Amino acid sequence: MILLLHPRAAGARSRRFPLSILALAAVIEGQEKYTIIDGNVDPNPADTLERVHRDTPADLLAVSVMPGPQMVAAIPLCRSFRKKFPSVPIVWGGYFPSLYPDTALNAEYVDYVVRSQGEDTFTELIGALRTGADLRAIRGLSYKDGSGRHVHNPSRPLRSLNDFPWFPYHNLDAAKYIVPTFLGSRTAVHHASIGCPFRCKFCGVASVFESENMEAPERTAAILRFLKEQYAVNAIQFYDSNFFLLEDHAQELAD
């Protein structure tokens with residue numbers, strides 16, 4: 001059992017699909033048993049984590065952590081879980097640990113950090129923990145060795161979004177995430193690109209991703225069509241950092 005935790009980051013009116021956790025769920029779908037716990041929906045995620053783990057002992061707790069409110073919510077959840085279940089390894093991924101891996105690893109309840117694009121690093125970490133394979137071979141991974149020293153493996157090259165499976169929306173109660181906004185009465189969210197080609201020093205995106213990768217317009221259109229037909233979605237918020245960066249790409253997607 002893999003526990004996928006999305007700590008609370010927003011109130012009910014701002015609740016959206018937890019895309020970071022869905023990305024991990026997509027790459028282990030059909031390979032691993034997993035449970036998604038979303039603090040934006042679940043009022044008692046600590047109780048849910050404990051209940052799920054007692055029913056089916058977890059092999060790993062994976063936590064998505066953005067700077068700000070989500071990190072504030074993640075700390076007590078992970079601290080409590082570690083105190084109750086010290087044998088279960090905890091891995092943090094997302095913007096905060098990608099930007100500050102040493103800071104994350106300084107926490108006694110964080111064993112591993114997945115930096116930047118995490119899908120392949122995450123699945124390789126699961127395999128290594130199961131088989132005892134050498135962690136040093138996993139790109140994009142930071143961890144504490146036997147002496148407590150922080151080890152930062154080489155970065156992992158950014159992989160095309162088109163290589164990864166669609167998100168398993170069916171493993172969530174979609175009705176709780178499709179909300180009215182100024183865009184439409186049933187608004188969902190989507191990421192059609194990650195990263196940025198520019199290297200602005202003030203920007204966290206440039207620090208986490210060494211380049212930009214865009215989803216093929218045909219794939220984006222197919223996913224949006226699925227959301228419309230399956231869940232009656234009538235508006236989409238794009239969470240891309242640079243949706244309009246390339247005019248020809250934006251035009252192609254709009255067409």
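**Charges and contacts in a predicted model**

Q: In which helix does E218 lie?
A: This is a predicted model, with residues numbered from 1 along each chain as its sequence is written; local features need pLDDT of at least 70, and side-chain atom pairs count only at pLDDT 80 or more, while totals for chains, interfaces and linings use all residues. Side-chain values use heavy atoms, leaving out hydrogens and water. Helices are DSSP runs of H or I with at least four residues, strands are runs of E with at least two, and both are numbered from the N terminus. By that count, E218 lies in residues 217–231, which form helix α8.

Q: Is E218 buried or exposed?
A: Let's set the cut-offs: buried means under 20% relative accessible area, exposed over 50%, and partly exposed in between, with a 1.4 Å probe and protein chains only. The relative accessibility of E218 is 54%, so this residue counts as exposed.

Q: Which helix gives the most to the negative patch?
A: A patch joins like charges within 9 Å or nonpolar side chains (Val, Leu, Ile, Met, Phe, Trp, Tyr) within 5 Å, using residues with over 30% relative accessible area and no salt bridge. Here E218, E247, D248, E252 and D255 gather on the surface. Three residues come from the helix spanning 247–254, helix α9.

Q: How many salt bridges does the structure hold?
A: Side chains of opposite charge can pair when their charged atoms come close. The cut-off here is a side-chain nitrogen of Lys or Arg within 4 Å of a carboxyl oxygen of Asp or Glu. Among these pairs are R149 with D145 at 3.2 Å and D163 with R159, also given as 3.2 Å. The total is twelve.

Q: How many residues apart in sequence are the parts that R130 and E32 tie together?
A: The closest N and O atoms of this salt bridge are 2.7 Å apart. R130 sits in helix α6 and E32 in the loop between α1 (19–28) and β2 (34–38), so the pair ties together parts whose separation in sequence, in residues, is 98.

Q: Which residue is linked with E32 and R130 in a network of salt bridges?
A: R130 is partly exposed, because its relative accessibility is 43%. The network has three members: E32, R130 and D59.

Q: Which residue's backbone nitrogen does the side chain of H53 reach?
A: H53 is in helix α2 (residues 45–55) and counts as buried at 10% relative accessibility. At 2.8 Å, the side chain of H53 reaches the backbone nitrogen of A58.

Notes
Accessible areas come from the Shrake-Rupley method with a 1.4 Å probe; for residues, only the protein chains shown count as cover. Lys and Arg count as positive and Asp and Glu as negative; His and the chain ends are not counted. The place of a charge is taken as NZ of Lys, CZ of Arg, CG of Asp or CD of Glu. A polar contact is a pair of N or O atoms within 3.5 Å; within protein, one must be able to donate a hydrogen and the other to accept it, and residues adjacent in sequence count only if both atoms are side-chain atoms.
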